[in-house]
Amino acid sequence: MHDDYKDWLEAELQETLDEDIELELEDAMLSAEIRRIYRAHHPDRMERKTYFRELLRLQSELIRLQDWVSHHKEKVVVVFEGRDSAGKGGAIKRITQRLNPRIVRVAALPAPSDREKTQWYFQRYVPHLPAGGEIVLFDRSWYNRAGVERVMGFASEDQVEQFFQDVPEFERMLVRSGIRLIKYWFSITDEEQQMRFQMRVHDPLKQWKLSPMDLQSRVRWEAYTKAKEDMFERTNIPEAPWYIVPGNDKKRARLNCIDHLLGMIPYDDVPHEEVRLPDRVFNPDYEREVLPRDLYVPQKY
């Protein structure tokens, strides 16, 4: 391999790793004191080298899974629920980081509109379900009714009871239609959530994550706990059981979730055509036009 090409390839790989490290610098804006307190409460931190080695290995397996789903026209739905700040978003980000967004997409629905409030409850989720060859990750899902809507009083007890009666059959219908349905609940302790919320308060890059609803989740911790327990009891069905991801350690939670997800689906290698870079066609009569300077983004860095 030509030395210049090797140098270029090494630089590209290093840039990819730099992007991974950038994702991990989540406490970069924190004060030294808050960072010290957080690290004191997490003495058994996974080494960054170990974490990235395992993450890259698992992400390479996710690419194999993606290819298998696409090749066999499989349909996969993964539901992510859990406590606020428990790490759902971070896990989803690492799952999708190297995958094709045309095959693997995230559904994160906003609050229902006035029109949607008059629909059958599951109606607005149905259009986001996968077709053959697709994986959909629900960042929050129809389980909003069993959690935030119930605790915050956005749904009546009659509506919640109707949901509990309907959701097992709704999910059995999905499974019977050929969808592989996997449900994760990210769990953290009361103390860990308190610390993460404090970190967000002092981190200007994360303050946007503290919505009024998030702040209420601190006030109503016990109500959310009771709602979670009722939800597990009523919706943990054999066709679509819940899987709990302990989330106090973010890195381990991501790795454990991805590893478990891979183990839930019997994927294997699929045939690929050999990729070859074609030769560029040179036209000796073509002359590139000079574009106006004001079309270019200013080179400030």
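**View 1. Helix α3 and the residues along it.** At 1.5 Å a residue, the 25 residues of α3 should span 36 Å, and the end C-alpha atoms of α3 are 36 Å apart, which agrees; the expected span of a helix is 1.5 Å times one less than its number of residues. Helices (H or I, at least four residues) and strands (E, at least two) are DSSP runs, numbered from the N terminus. This is a predicted model, in which local features need pLDDT of at least 70 and side-chain atom pairs count only at pLDDT 80 or more, while totals for chains, interfaces and linings use all residues. Residues are numbered from 1 along each chain as its sequence is written, and side-chain values use heavy atoms, with hydrogens and water left out. Among the buried residues of α3 are Y51, F52, L55, W68 and V69, where buried means under 20% relative accessible area, exposed over 50% and partly exposed in between (1.4 Å probe, protein chains only). Just after α3, K73 takes a positive phi of about 55 degrees.

View 2. R57 forms a salt bridge with E54, the closest N and O atoms being 2.9 Å apart; the term stands for a side-chain nitrogen of Lys or Arg within 4 Å of a carboxyl oxygen of Asp or Glu. Being three residues apart in helix α3, R57 and E54 are separated by about one helical turn. R57 counts as partly exposed at 41% relative accessibility, and E54 also counts as partly exposed, at 26%.

**View 3. The largest nonpolar core.** This core has 35 residues, and those with the most contacts inside it are L65, F80, I95, L137, Y184 and F186; a nonpolar core is a set of buried Ala, Val, Leu, Ile, Met, Phe, Trp, Tyr and Cys residues joined through side-chain atoms within 4.5 Å. The elements that each supply at least two residues of this core are α3 (48-72), β1 (75-82), α4 (88-96), β3 (134-139), β4 (179-187) and α11 (250-263), and α3 gives the most, with eight residues. Leaving aside its neighbours within four places in sequence, I95 is in contact (heavy atoms within 4.5 Å) with L62, F80, L137, I258 and L261.

**View 4. The five-stranded sheet.** The open sheet has the order β2-β3-β1-β4-β5, with parallel pairing, two strands being paired if DSSP finds at least two bridges between them. Because β2 (104-107) and β5 (242-246) stand at the edges, each with a single partner strand, one side of each is left without a neighbour in the sheet. Six bridges join β1 to β3, with V77 opposite V136 in β3, whereas β1 and β4 pair over eight bridges, with G82 opposite F186 in β4. Seven of the eight residues of β1 are buried, so this strand is largely enclosed by the rest of the structure.

View 5. S85 lies in the loop between β1 and α4 and is buried, with a relative accessible area of 9%. Beyond its neighbours within four places in sequence, S85 is in contact with I188, Q193, R196, F197 and R200. R196 in turn forms a salt bridge with E192, the closest N and O atoms being 2.8 Å apart; R196 counts as buried at 3% relative accessibility, and E192 counts as buried at 6%.
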